[in-house]
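Keep the viewer open as you read.

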Amino acid sequence: MSLADIVNELGQPIGWPVATDLPRPRPEKVRLEGRFCSLVPLDVEAHGGELWEAFSADTTGANWTYLPVAPIETEADFGVFLRAAEASEDPLYFTVLNAEGRAVGHATYLRIDPANGVIEVGYIHFSPLMQRTPMSTEAMYLMMAYVFETLGYRRYEWKCDALNAPSLAAAKRLGFTFEGVFRQAVVYKGRNRDTAWLSVLDSEWPALKARFERWLDVENFDSKGRQRTRL
């Protein structure tokens with residue numbers, strides 16, 4: 001049956017009935033455990049110093065270009081930012097810990113919409129210590145799995161500056177479908193942002209999960225930690 005076959009009593013085409021029990025639960029401050037990394041609720045006292053050190057490895061400041069905040073110049077100012085982030089419920093911040101338990105980045109759930117079962121991943125700031133490593137992929141897998149399998153959401157979104165080619169490439173590699181660009185959607189840092197929208201749907205998750213798990217399997221990495229096959 002196609003969408004055109006679903007009509008109301010007036011013969012007008014309408015969307016299919018949604019069987020999902022709504023609203024869905026809000027994400028909680030849980031620990032998401034993986035092999036290469038784990039995600040835990042942001043804790044300024046526990047993670048602040050390590051995050052500052054990790055982000056300071058980005059000596060050019062390139063990682064800040066597409067974030068909504070300007071580069072933070074001092075550790076004291078970074079602490080102010082983190083305290084506000086720790087208190088926030090939307091965005092809900094998680095710290096990424098490496099296998100040794102050291103903080104190397106953060107990511108959030110935001111635009112949390114339990115009524116419609118829609119949630120976005122964003123404010124992703126991965127330090128050079130985790131970029132181009134299995135940690136970055138596994139962190140995104142763990143967040144996606146929690147949304148679809150534990151919380152039962154219908155739609156998982158990724159949005160970024162349409163000029164942010166690395167972010168777009170990362171989203172597509174992770175299985176997100178490009179949906180289009182909202183022109184002049186946002187003003188940040190005194191400049192225009194056309195926003196690219198991408199998503200993964202609950203119906204797409206089982207196949208995507210299998211793909212992630214094949215890639216993350218220990219046999220997919222050689223003795224130096226290099227991938228044997230691409231995601």
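Predicted model: local features only at pLDDT ≥ 70, side-chain atom pairs only at ≥ 80, totals over all residues.

Residues are numbered from 1 along each chain as its sequence is written, and side-chain values use heavy atoms, with hydrogens and water left out.

**Pockets and cavity**

The search runs on a 1 Å grid over the protein atoms alone: a cavity is a set of points where a 1.4 Å probe fits but cannot get out, a pocket is an open set with protein on both sides within 12 Å along at least five of seven lines, and lining residues have an atom within 4 Å of a point. Grid points are joined across faces, edges and corners, and a volume is the space filled by probe spheres set on the points. For residue classes, Ala, Val, Leu, Ile, Met, Phe, Trp, Tyr, Cys and Pro are nonpolar, Asp, Glu, Lys and Arg are charged, and the others, Gly among them, are polar.

| Space | Volume | Lining by class |
|---|---|---|
| Largest pocket | about 1,600 Å³ | 25 nonpolar, 12 polar, nine charged |
| Second largest pocket | about 150 Å³ | six nonpolar, two polar, three charged |
| Largest cavity | about 70 Å³ | nine nonpolar, two polar, no charged |

The largest pocket has 46 lining residues, and Ile124, Trp158, Pro166, Ser167 and Ala170 lie nearest its centre. Helices (H or I, at least four residues) and strands (E, at least two) are DSSP runs numbered from the N terminus. Strand 5 gives the most to this lining, with seven residues; helix 3 (134-150) and helix 4 (165-173) are among the other elements that supply at least two each.

Around the second largest pocket you'll find, among others, Trp16, Pro17, Arg154, Arg155 and Leu201.

Lys159 sits in strand 6. Is Lys159 buried or exposed? Lys159 counts as buried (under 20% relative accessible area; exposed is over 50%, partly exposed in between, with a 1.4 Å probe and protein chains only), because its relative accessible area is 13%. Its side chain makes polar contacts (N or O atoms within 3.5 Å, one able to donate a hydrogen and the other to accept it; residues adjacent in sequence count only if both atoms are side-chain atoms) with the side chains of Glu120 at 2.8 Å and Glu157 at 2.5 Å.

Leu201, in strand 8, is partly exposed at 31% relative accessibility. Skipping neighbours within four places in sequence, Leu201 is in contact (heavy atoms within 4.5 Å) with Phe148, Arg154 and Arg155.

**Nonpolar cores**

A nonpolar core is a set of buried Ala, Val, Leu, Ile, Met, Phe, Trp, Tyr and Cys residues joined through side-chain atoms within 4.5 Å. The largest one has 45 residues, and those with the most contacts inside it include Tyr109, Met143, Met144 and Trp158. Helix 3 gives the most to this core, with 11 residues. Apart from this core lies another, of 16 residues, including Leu42, Leu51, Leu82 and Ala85.
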